[in-house]
Amino acid sequence: MRDKYADLPDYVKAGHFKKLNKYKESLRKDPKLKSLFIEATLRCNEHCVHCGSNCGDLVLKDEVEDKQIIEALEILKEDLILESEPLPFISVTGGEPLLRKGLCDMMRQIHDMGYKWGMTTNGTLITEEVAKGLKNAGMYSVSISLDGYGKTHDEFRQKEGAYEEALKGFDNLIKAEIPVCMITTVVHKKNIGELDSIYEELVLHKVKNWRIINVEPIGRACKNKEIMLDSKDYKYVIDYIASRSDDANMDVIYSCNHYLGLPNERKVRPWYFFCRAGIQVASIQYNGDICACLDIERRPEFNYGNIKKDRIYDVWKNGFRVFREHKEEKSEMCKKCPEKENCQGGGYHTWDFETNNPRICMPKELDII
């Protein structure tokens with residue numbers, strides 16, 4: 001029988017995955033906080049049909065205050081210094097983060113503490129003045145969502161003019177000289193045929209980093225099944241990204257969502273998959289609650305504290321136990337899989353905690369198993 005991995009590059013066959021799996025195991029025993037997400041708000045000026053957090057025109061009475069976030073990060077810095085650990089990268093997200101009044105002022109103070117930070121945004125509120133404010137606040141990186149070409153984007157995000165506003169926002173960030181400016185595209189049934197058109201638009205706007213992900217069975221997407229992809233679509237997306245792996249105009253990569261099987265892993269991104277939730281990643285929700293990853297189903301047992309009363313580092317050291325176990329061993333679907341060691345059940349954000357099975361198995365969709 002022909003070895004299905006016979007054509008893999010030497011750096012894969014040399015055992016890199018074994019090294020990575022050993023590293024992942026060490027993190028389960030000694031987690032390292034590398035990324036801390038701050039959910040600035042759940043309010044949003046768009047109403048995306050795939051939104052994992054069901055954001056929109058919400059009235060929120062329990063948003064955590066700026067001073068509470070700043071104080072929590074000051075204490076975290078003190079704790080990390082005592083442990084001789086580096087500060088995590090701060091990723092600001094939402095909802096639409098720029099709907100939080102005074103965001104730039106808060107982030108400037110956080111930056112002055114020594115934290116490096118970036119933001120995910122829909123881009124529609126980024127005027128030249130806002131872009132300059134973000135630059136002055138020390139923003140290092142930004143990702144703007146573009147989920148279709150022209151009207152497809154507007155319809156997907158249910159906001160007329162959102163496409164042009166997002167691109168204008170991106171241009172303003174480039175003018176403000178934000179170091180890393182990225183476009184992220186969620187591929188769904190209605191835009192999968194538009195990737196070349198989107199690409200040509202991004203070239204015109206001098207985009208250097210394009211991150212492509214597939215729509216996921218989470219949040220509102222579960223109620224809009226007509227946008228979900230099938231196996232043929234997944235294969236097309238992977239092949240499309242791989243075809244642009246040596247693109248001279250921009251870096252085109254697949255995001256961190258899923259394990260894709262050894263034949264695909266390094267074709268579409270410069271790293272191997274592993275879900276970092278609870279072993280390298282933690283988050284602060286809009287109300288101060290501390291959790292692993294903001295895309296993961298929000299269950300009471302995954303709330304490990306609140307920054308209003310708990311030290312983030314204490315929570316990090318003593319919480320997140322479920323994310324430091326082998327979830328694939330609990331799954332009838334996963335535990336007999338030949339890719340179990342590398343995949344480990346995929347990302348926690350698409351894990352069904354009721355059935356202990358993945359909602360999507362990408363190796364199966366891609367005919368790897």
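This report describes the side-chain contacts of the structure above.

The structure is a predicted model, in which local features require pLDDT of at least 70 and side-chain atom pairs count only at pLDDT 80 or more, while totals for chains, interfaces and linings use all residues. Residues are numbered from 1 along each chain as its sequence is written, and side-chain values use heavy atoms, with hydrogens and water left out.

**Salt bridges**

A salt bridge is a side-chain nitrogen of Lys or Arg within 4 Å of a carboxyl oxygen of Asp or Glu. Under this rule the count is 28 salt bridges.

| Salt bridge | N to O distance |
|---|---|
| Glu39 and Arg298 | 2.6 Å |
| Asp147 and Arg157 | 2.9 Å |
| Asp310 and Lys309 | 2.9 Å |

Glu39 in strand β1 (residues 35-39) and Arg298 in the loop between β9 and α11 are 259 residues apart, so that this pair links distant parts of the chain. Helices (H or I, at least four residues) and strands (E, at least two) are DSSP runs, numbered from the N terminus. Relative accessible area is classed as buried under 20%, exposed over 50% and partly exposed in between (1.4 Å probe, protein chains only). Glu39 is buried at 2%, whereas Arg298 is partly exposed at 37%. Both Asp147, at 0%, and Arg157, at 6%, count as buried. In the remaining tabulated pair, Asp310 is partly exposed at 26% and Lys309 is exposed at 64%. Salt bridges with shared partners also join Glu297, Arg299, Glu301, Glu354 and Arg359 into one network.

**Aromatic contacts**

Rings of Phe, Tyr and Trp (its six-membered ring) pair if their centres lie within 6.5 Å; planes under 30 degrees apart are stacked, over 60 edge-to-face and the rest tilted. The whole structure contains 12 aromatic pairs. One of them, Tyr304 with Phe323, is edge-to-face, with 6.5 Å between centres and 70° between planes. Tyr304 lies in the loop between β9 (290-291) and α11 (312-318) and Phe323 in the loop between α11 and α12 (340-343), so the pair ties together parts 19 residues apart in sequence. Tyr304 is partly exposed at 21%, while Phe323 is buried at 2%. Ring pairs link Phe302, Tyr304, Trp316, Phe320, Phe323, Tyr348 and Phe353 into a cluster.

A charge sits over a ring if NZ of Lys or CZ of Arg is within 6 Å of the ring centre and within 35 degrees of the ring normal. The charged end of Lys327 is placed over Tyr348, 4.0 Å from the ring centre.

**Cysteines**

With a disulfide defined as a pair of cysteine sulfur atoms within 2.5 Å, the count is zero. The sulfur of Cys181 is too far for a bond, because the closest cysteine sulfur, in Cys104, is 14 Å away.
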